[in-house]
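Here are a few friendly notes on the aromatic side chains, for you to read alongside the model.

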Amino acid sequence: MTDRLWDKSVQEFIQACKHEQLRDVRLGYTVLDDTRKILNVTATYASRKRGPVSVGYRWAETKQGWLPEVFVDLHTAPAGLPAAPRILAWKSRLWRERAGVRTALEAVSLIFFKATAVRNDLGTMLTSRSPESSEVVLEQGHLLTLQTLNDLAFIYSGDQAASQRP
């Protein structure tokens, strides 16, 4: 892993955060039963009809185990379901904005995958530099990465980014 690849991953994450209909992008962790931590993404969708609506990508415990899901407001659907944006738009009373809901859910999913790539790249960098690196070092690296990604998301998502552009 080189610094150039690391920079590319971070730049791709920043580009994903610049979605015009998303504000207040935040990342967090879900701790699984085996103590693994998986990223979650939450953002605010700027609805024309209802104003700010919470959207995101997270992991939920189901009968089949831990599965990814997307959500709009209080309504959830499996992340891989092609009809999920339409179903969630209908349940959230945003049917006329279903195209906007779809792009917002695609954007938070993209942010999730780009953030996961940055986190994995960091893990690769840490283990390549010190193969015997401890779990404590990796855990500290992941926490610092989460903090950095949240800072970048704050700077580049929504109104903050629009006010800083020339």
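1. Let me start with a charge and a ring. In this predicted model, arginine 58 places its charged end over the ring of phenylalanine 71, at 4.2 Å from the ring centre.

2. Next, the ring-to-ring contacts. The count of aromatic pairs comes to four. One of them joins tyrosine 57 and phenylalanine 113: the ring centres are 5.8 Å apart and the planes meet at 65 degrees, so this pair is edge-to-face, the cut-off being over 60.

3. Where in the chain do tyrosine 57 and phenylalanine 113 lie? Tyrosine 57 belongs to strand E3 (residues 51–62) and phenylalanine 113 to helix H3 (residues 98–129).

4. Are the two partners buried or exposed? Tyrosine 57 has a relative accessible area of 5% and is buried, whereas phenylalanine 113, at 48% relative accessibility, counts as partly exposed.

5. Phenylalanine 113 also pairs with phenylalanine 112. Their ring centres lie 5.0 Å apart with the planes at 75 degrees, so this pair is edge-to-face as well. Phenylalanine 112 counts as buried, at 5% relative accessibility.

6. Putting these contacts together, Tyr57, Phe112 and Phe113 form one aromatic cluster.

Note on methods:
Residues are numbered from 1 along each chain as its sequence is written. This is a predicted model: local features need pLDDT of at least 70, side-chain atom pairs count only at pLDDT 80 or more; totals for chains, interfaces and linings use all residues. Side-chain values use heavy atoms; hydrogens and water are left out. Rings of Phe, Tyr and Trp (its six-membered ring) pair if their centres lie within 6.5 Å; planes under 30 degrees apart count as stacked, over 60 as edge-to-face and the rest as tilted. Helices (H or I, at least four residues) and strands (E, at least two) are DSSP runs, numbered from the N terminus. Buried means under 20% relative accessible area, exposed over 50%, partly exposed in between (1.4 Å probe, protein chains only). A charge sits over a ring if NZ of Lys or CZ of Arg is within 6 Å of the ring centre and within 35 degrees of the ring normal.
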